[in-house]
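The sequence and the model are shown first.

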Amino acid sequence: MSRQPRVRTRTDASARPLGEVYDTALLDLDGVVYAGGRAIQYAVESLASARDGGMHLAYVTNNAARTPAAVAEHLTELGVPAEAADVITSAQAVARLIAEQVPAGSRVLVVGGEGLRVALRERELEPVESADDDPAAVVQGYGGPDLRWGRFAEACYAVARGVPWFASNLDLTIPSGRGIAPGNGAAVEVVRLATGAEPQVAGKPLPPMHRETILRTGARRPLVVGDRLDTDIEGAHVGGVDSLLVLTGVTGAARLLAAPPQQRPTYVAADLRGLLGGQPEVVAEGHGYACGGWTASAGAGALELDGGGEPLNGLRALCAAAWTAAGDGECRSEAGKALSGLGL
C-alpha cells in the first residue's frame, strides 16, 4: 500500500534482505537489468535469487518502443524468465490515459514504435500515421534510433490544429551499449518547440504510470528499483512507496548527493545484489554521520569524509551529511574530494 513519504535525510536501514521485506520489485530495465541489450553484471543471478526467495519481479519501463511480449522475450533470452504480463510500459499507461478522454474506436496518430500501437489497440483505439487521418489524439513514445524526421512533422501538423497531444514519458536520455543516447523527452521537445503546445504525460515519475503498475501487478508492498533519480526514484516518491537506487545506469555518486527531497532513495546499492541483502544503519555521530567505518560531515562549503571500509557505506554516510545540510533543497557543498577516496 502507498503512504506519504517523509523528507528523507538519510537512507534507511534493514536488518533483513530487501527481497524478504517487500513482496514485489518494480524494476526499471535500461540501466538496471540491461544496457545496450546486454545484461548488466550480477543482474541475472541476483534476480534469480530474489525470485527463488519468493519476491515477485515486475519490469516497469518508460521505454514505449517495444511490446511487453518482446521485452519479456528479450529478458528470457538474457536468462531472466519473464512473461508479457510481468512487463509494464509507459505505452500502456499513456494508452489508458488517452482512452479515458476519447471515445472507443478513435484514431490516434502515433509517433513511436510498435509498443505504442499494441497498447492503443488493447484500449480499442486505432493507430494512424498521418495528421490527415482525422486523429482524435496524438501520442509520442520512444521509437528507436531510426525514427524518421517526417514523423515529427505529422505530429506538429496535428497538434497545431488543436488535436490533444500525449507523451509516454519525458526521459531526455536513454542508456545504450555505446553510451547515453537521446530519449523520448528530446523528441517531445521537437514538437513542443515547433508548436508551443504542452503534452499530457503518463510515464514515470507521474501518477498514471504508478497507477498502471499497481493495477497490473497487484503489489501490496512494492519496492521501486531504478537507476534514475528523476523518473524511478521520484516516481516512487510520488506513489508513496520505497525505492532502491542502483549505480549501474545514469546516476552517479555526485548526483545522488545533490538530490532534492523528492529524488532521494530509501536505499542505495551498487547493483541488483542489493535485493539480496540488508542495508546498514546510518547513525548521527557528533556533528556528522557514521556508517560502516566511515564518518561524514558537511563542512564550510564542502563535504568531508574520514575512515575506511566498504565504499558504499561511505557514500551512505555522505548522503546523510549532504541531505541533512540541504534540508528541503539541493546540497551545494563540494563533494569531489570526499568522493575521490571511494572510487565511485
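How are helix 4 and helix 8 oriented to each other?

## Helix 4 against helix 8

The model is predicted. In it, helix 4 (residues 90–99) packs against helix 8 (residues 207–217) at an angle of about 105 degrees, and their axes lie 9 Å apart. Angles from 65 to 115 degrees count as roughly perpendicular, and helix 4 and helix 8 are therefore roughly perpendicular to each other.

On the side of helix 4, the contact is formed by Ser90, Gln92, Ala93 and Arg96. Helix 8 contributes Pro208, Met209, Arg211, Glu212, Leu215 and Arg216. By class, the residues of this contact comprise 4 nonpolar, 2 polar and 4 charged.

## Helix 4 against helix 5

Helix 4 also packs with helix 5 (residues 114–122): the two axes come within 8 Å and cross at roughly 40 degrees. That angle makes helix 4 oblique to helix 5. The crossing of helix 4 and helix 5 is right-handed.

From helix 4, the residues Ala91, Gln92, Val94, Ala95 and Ile98 meet Gly115, Leu116, Ala119 and Leu120 of helix 5. The contact of helix 4 with helix 5 holds 7 nonpolar and 2 polar residues, with no charged residues.

## The largest pocket

How much space lies in the largest pocket? Its volume is about 250 Å³. The largest pocket is lined by 15 residues, of which Asp30, Asn63, Arg66, Tyr142 and Ile174 are the closest to its centre.

Strand 10 (residues 173–176) provides the largest share of this lining, with 3 residues. The lining of the largest pocket divides by class into 7 nonpolar, 6 polar and 2 charged residues.

## The second largest pocket

The second largest pocket contains about 210 Å³ of space. Its lining consists of 13 residues, and those closest to its centre are Tyr142, Gly144, Pro145, Pro182 and Gly183. Tyr142 is also among the residues closest to the centre of the largest pocket.

Which element gives the most to the lining of the second largest pocket? Helix 7 does, with 3 residues. Strand 11 (179–182) and helix 7 (184–195) each supply at least two residues of this lining. The lining of the second largest pocket has 8 nonpolar and 5 polar residues, and no charged residues.

How values were computed. Residues numbered from 1 in each chain as written. Predicted model: local features only at pLDDT ≥ 70, side-chain atom pairs only at ≥ 80, totals over all residues. Heavy atoms only, no water. Axes fitted to C-alpha atoms, helices over the stretch in contact; angles between N-to-C directions. Helix = DSSP H or I, 4+ residues; strand = E, 2+ residues; numbered from the N terminus. Parallel < 35°, antiparallel > 145°, perpendicular 65-115°, else oblique. Contact = heavy atoms within 4.5 Å. Nonpolar A, V, L, I, M, F, W, Y, C, P; charged D, E, K, R; others polar. Left-handed = near helix turned anticlockwise from the far one by under 90°. 1 Å grid on protein atoms, 1.4 Å probe; cavity = no way out; pocket = protein on both sides within 12 Å on 5 of 7 lines; lining within 4 Å. Points joined across faces, edges and corners; volume = space filled by probe spheres on them.
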